[in-house]
Each structure stands twice: as structure tokens, then as C-alpha cells.
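Colleague: Let's go through the labels on this model. For each one, I'd like to hear the value and the rule behind it.

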Amino acid sequence: MAMEILSPHITEAEWEVMRVVWANGQVTSKEVISILEDKMNWKAPTIKTLLGRLVEKGALDTERDGKRFIYTAAMEEDDTVRDYTSDIFSRICNKDVGHVIGGMVKAHELSFDDIRYLEEILEKKKATAVEEVSCRCVPGQCQCNVNHHGRIRRENNDGE
Ligand SMILES: [Zn+2]
């Protein structure tokens, strides 16, 4: 299977820092500290460590400007978010994708505009919809395969 090249893995803490950089275009460590100190209850050294790690991972670029460093994002926010969502969907059976998307829709507050946008997408999706989504999982890694091959199910039925 061809793997998409994913952006470097970014932890939840690092993601908080990336959001500040994405929102501001370019930042100094001082600016990131003033924005995140209170929300995250982090001390300045923690934030500096996170910035350093993000530079090492290639997620941030840095440039010296006199005494201070200016940080800019080396990866686009849209691309990064897309990589992370496709990463989630690569971890589940294709047959469950619709259900998981439905759960995401249910769980989040949406505007009328958001809903109109989703309705448009769904309407267009009907043109390429299939009768049944095909499972491409390794046998034994999802419920449909377990049922097909009967193996794990049989073990359960035999009982311990
Ligand atoms: Zn499957």
C-alpha cells in the first residue's frame, strides 16, 4: 500500500505552539510565552523547549534577528490538519468511516452555513456512492474479516 508522506508527528503540547505560529505568521518565543503561559500553565523554559523540538522536527523554521529568534511555520495548517485526519481514518476499517464521520458531526457545534456546506458535499457524493464500501483490512484486524474467516469468532464460541 502506498503510504502518504505525513508531516512529522506533533504532540498535543506542540500543537498548542503551532496554533500560535499559524495564527500569527511569525512569532518570537516571548510572544508564544505571553499567549500560552496562562492557558497552559507552562513556564517559559517549557515553551522554549517545545519551540526547539518543533525546529528539530522540521515543523518550524527559525531565523536569528539580533538577540532574538523569529519562528515561522514550515508546514501549512490546512495540510497538517488534513494529514492528521487521514491518519485517523487509516487506522479504522473503511466500512466504519461513515459512522465515525457521523459521530464527529454529532459531537460538534455547527453553524447553518456549516450544515449547508456538508449537505452540498453529501449531495455531490451521491454521484460516486457505492452499494457497499469495501474493507481493505488485514484479515483479523476488523470485524468484517473476523466474520468472513470465522477464526476469532470460533475461538470465542468454543469459550474458555
Ligand atoms: Zn475492514
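Colleague: What share of the contacts at a separation of 6 or more is made by residues 24 or more positions apart?

Modeller: The share is 54% in this protein. A contact means heavy atoms within 4.5 Å.

Colleague: How do you know which parts of the model to trust for such labels?

Modeller: The model is predicted, so local features need pLDDT of at least 70 and side-chain atom pairs pLDDT 80 or more, while totals for chains, interfaces and linings use all residues. Numbering starts from 1 along each chain as its sequence is written, and side-chain values use heavy atoms, without hydrogens or water.

Colleague: What makes up the fold, counted in helices and strands?

Modeller: There are 8 helices and 3 strands. Their order from the N terminus is α-β-α-α-β-β-α-α-α-α-α. Helices (H or I, at least four residues) and strands (E, at least two) are DSSP runs, numbered from the N terminus.

Colleague: What makes β1 and β3 a pair?

Modeller: The rule asks for at least two DSSP bridges between two strands. β1 and β3 (residues 68-73) have 3 bridges and run antiparallel, so they pair. Val 27 has Tyr 71 of β3 as its bridge partner. Thr 28 stands opposite Ile 70 in β3.

Colleague: How many bridges join β2 to β3?

Modeller: 6 bridges, again with the strands antiparallel. Arg 64 stands opposite Phe 69 in β3. β2 and β3 form a hairpin with 2 residues between them. Gly 66, in the turn, has a positive phi of about 65 degrees.

Colleague: Which strands of the sheet are called edge strands?

Modeller: The sheet is open, with 3 strands in the order β1-β3-β2 and antiparallel pairing. β1 (26-28) and β2 (60-65) each pair on one side only, which puts them at the edges. Neighbouring strands are turned by 30 degrees on average, direction ignored.

Colleague: Which helix lies across β1 and β3, and at what angle to β1?

Modeller: Helix α2 (residues 29-41) does, at about 85 degrees to β1. Axes are lines fitted to C-alpha atoms, for helices over the stretch in contact, and angles run from 0 to 180 degrees between N-to-C directions.

Colleague: Why is Asn 41 called exposed?

Modeller: Exposed means over 50% relative accessible area, buried under 20%, and partly exposed in between (1.4 Å probe, protein chains only). Asn 41 is at 64%, so it counts as exposed. Arg 19, in helix α1, has 47% and is therefore partly exposed. Of the 160 residues, 22% count as buried.

Colleague: What makes the two aromatic pairs edge-to-face?

Modeller: Rings of Phe, Tyr and Trp (its six-membered ring) pair if their centres lie within 6.5 Å; planes under 30 degrees apart are stacked, over 60 edge-to-face, the rest tilted. The count comes to 2 pairs. Trp 15 and Trp 22 have centres 5.6 Å apart and planes at 75 degrees, so they are edge-to-face. Trp 15 and Tyr 84 have 5.0 Å and 80 degrees, so the label is edge-to-face again. Trp 15 lies in helix α1 (residues 12-24) and Tyr 84 in helix α4 (residues 77-89), so this pair ties together parts 69 residues apart in sequence.

Colleague: Are the cluster members Trp 22 and Tyr 84 buried or exposed?

Modeller: Trp 15, Trp 22 and Tyr 84 form one aromatic cluster. Trp 22 is buried at 14%. Tyr 84 is at 19%, so it counts as buried too.

Colleague: Why is the site of the zinc ion called tetrahedral?

Modeller: Four donors are tetrahedral if all angles lie between 85 and 135 degrees. Here the 4 donor atoms give angles of 101 to 123 degrees, so the site passes.

Colleague: Which atoms are the protein donors of the zinc ion?

Modeller: The SG atoms of Cys 93, Cys 135, Cys 137 and Cys 142, at 2.2 to 2.4 Å. Donors are N, O and S atoms within 2.8 Å of the metal (3.2 Å for Na, K and Ca); water is not among the atoms, so sites may look incomplete. Their spacing along the chain is C-x41-C-x1-C-x4-C. Cys 142 has a relative accessible area of 8%, so it is buried.

How values were computed:
Four donors count as tetrahedral if all angles lie between 85 and 135 degrees; four count as square planar and six as octahedral if opposite donors are over 155 degrees apart and all others between 65 and 115; anything else is irregular.
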